[in-house]
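Please examine the sequence and the three-dimensional structure shown below. The explanation that follows is intended to be read alongside them.

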Amino acid sequence: MADPLPIVRTVKDLRAATLPWRRAEATVGVVPTMGALHDGHLALVRTARAECDRVVATLFVNPAQFGPDEDLSRYPRREAEDAKILAREGVDVLWAPPVEEMYPPGFATVVHVSGITDRLEGEHRPGHFDGVTTVVAKLFTQTQADRAYFGEKDYQQLQAVRRMAVDLDLPVEIVGVPTVREQGGLALSSRNEYLSAEQREIALALNRILFALADRVAGGADPVAEAEAGREALLAAGFDAVDYVAVVDAETLVPFEPAAGHPGRALAAARLGGTRLIDNVPVAPRG
Ligand code: AMP
């Protein structure tokens, strides 16, 4: 059996845990999560474990990134189980602060990345990315990690965090890890637990439609027309609502211009009952 994982609750104890590593000039990786771990999270942890001397996983269900009508209260929480999984994966410390430690009384600072966060998720989840970038900036300064691991599953988040790290000269390398999918292609997500068996079948259409439209755009089809056709295909497949389907520049997330010669990314968000699913795939122009 793996040794139990130390769970740290205060910034002071986190500093005490990581100070000897820093003194030894060990490279430190951080893997931010909201818990309810699945194989997508584990891909991040394993990449960090392979690349860093020490790994801190974080577990914080961040109220600041949930809107008032979102699923904060029902978000799955199972810290003890998550800690066992992370211990088996060789993580060194679990940083799981209470909300009052992260946001003490009087907390008043927001880290806002403009541009990248304006559209797509930003349009449909006002305030979401401010919550993300503020807490991620704090996680970076708290852990003083050399490398931080994020999933491509949350592609706009990954690009916003990259932008923030560059703009604020944060001494951390942002590493993106490809999306882990179930058989059938559904991207693993803690929110998949909300889906009924019937909804799970419909959910498979999200990745199928995105891969198909990305392939057509890569072959020269019009990105705007394909995105519109993708929206209709999602509704026809049984999704209750489609927040967006878009093909964008993979770095800046502005609308995709095939002639620019940059890689693109096709992204979508759609709803099944009360569950909101997101996914994205690369668009690599041929020839
Ligand atoms: P979350 O706990 O949902 O906030 O996710 C924590 C991290 O895991 C984020 O960087 C996510 O992008 C990443 N992640 C979530 N699902 C997947 C997946 N299916 N494949 C790869 N990374 C993922």
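The model is a predicted one. Its sheet is open and is built from 6 strands with parallel pairing, arranged in the order 1-4-3-2-5-6. At its edges lie strand 1 (7-8) and strand 6 (173-177), each of which pairs on one side only.

Strand 2 and strand 3 (residues 54-59) run parallel and are joined by 6 bridges. Within this pair, valine 30 has valine 56 of strand 3 as its bridge partner. Strand 3 is also joined to strand 4 by 3 bridges, again in a parallel arrangement, and here alanine 57 stands opposite leucine 94 of strand 4. Strand 3 is mostly covered, with 5 of its 6 residues buried.

Strand 2, helix 2 and strand 3 together form a β-α-β unit that is right-handed. From strand 3 the chain then passes through helix 3 (residues 79-88) to strand 4, in a β-α-β crossover that is likewise right-handed. In helix 3 the buried residues are Asp82, Ala83, Ile85, Leu86 and Ala87, and these pack against strand 1, helix 2, strand 3 and strand 4. After helix 3 comes glycine 90, which has a positive phi near 85°.

Helix 1 lies across strand 1, strand 2, strand 3 and strand 4, and runs at about 150° to strand 4. Helix 2 (residues 39-51) packs on the sheet by touching strand 2, strand 3, strand 5 and strand 6, and its direction makes about 155° with that of strand 5.

Among the buried residues of helix 7 are Tyr155, Leu158, Val161, Met164 and Ala165. The elements covering its buried residues include helix 5 (121-124), helix 6, strand 5, strand 6, strand 8 (264-272) and strand 9 (275-283). Just after helix 7, aspartate 169 adopts a positive phi of about 50°.

The nonpolar interior may now be considered. In soluble globular proteins, nonpolar side chains tend to be buried together. Here the largest nonpolar core contains 29 residues, of which Val136, Phe140, Phe150, Met164 and Ile174 touch the most other members. At least two residues of this core come from each of helix 1 (11-23), strand 2 (28-33), strand 4 (93-95), helix 6 (128-143), strand 5 (147-151) and helix 7 (155-167). Helix 6 gives the most, contributing 6 residues. Leaving aside residues up to four places away in sequence, phenylalanine 140 touches Val30, Ala145, Ala148, Phe150, Val161, Met164, Leu170, Val172 and Ile174. Another core, of 27 residues, lies apart from this one and has Leu186, Phe256, Ala270 and Leu272 among its members.

Definitions and conventions
Residues are numbered from 1 along each chain as its sequence is written. This is a predicted model: local features need pLDDT of at least 70, side-chain atom pairs count only at pLDDT 80 or more; totals for chains, interfaces and linings use all residues. Side-chain values use heavy atoms; hydrogens and water are left out. A nonpolar core is a set of buried Ala, Val, Leu, Ile, Met, Phe, Trp, Tyr and Cys residues joined through side-chain atoms within 4.5 Å. Buried means under 20% relative accessible area, exposed over 50%, partly exposed in between (1.4 Å probe, protein chains only). Helices (H or I, at least four residues) and strands (E, at least two) are DSSP runs, numbered from the N terminus. Contact means heavy atoms within 4.5 Å. Two strands pair if DSSP finds at least two bridges between them. Axes are lines fitted to C-alpha atoms, for helices over the stretch in contact, and angles run from 0 to 180 degrees between N-to-C directions. A crossover is right-handed if, with the strands pointing away from the viewer, the path from the first strand over the helix to the second runs clockwise.
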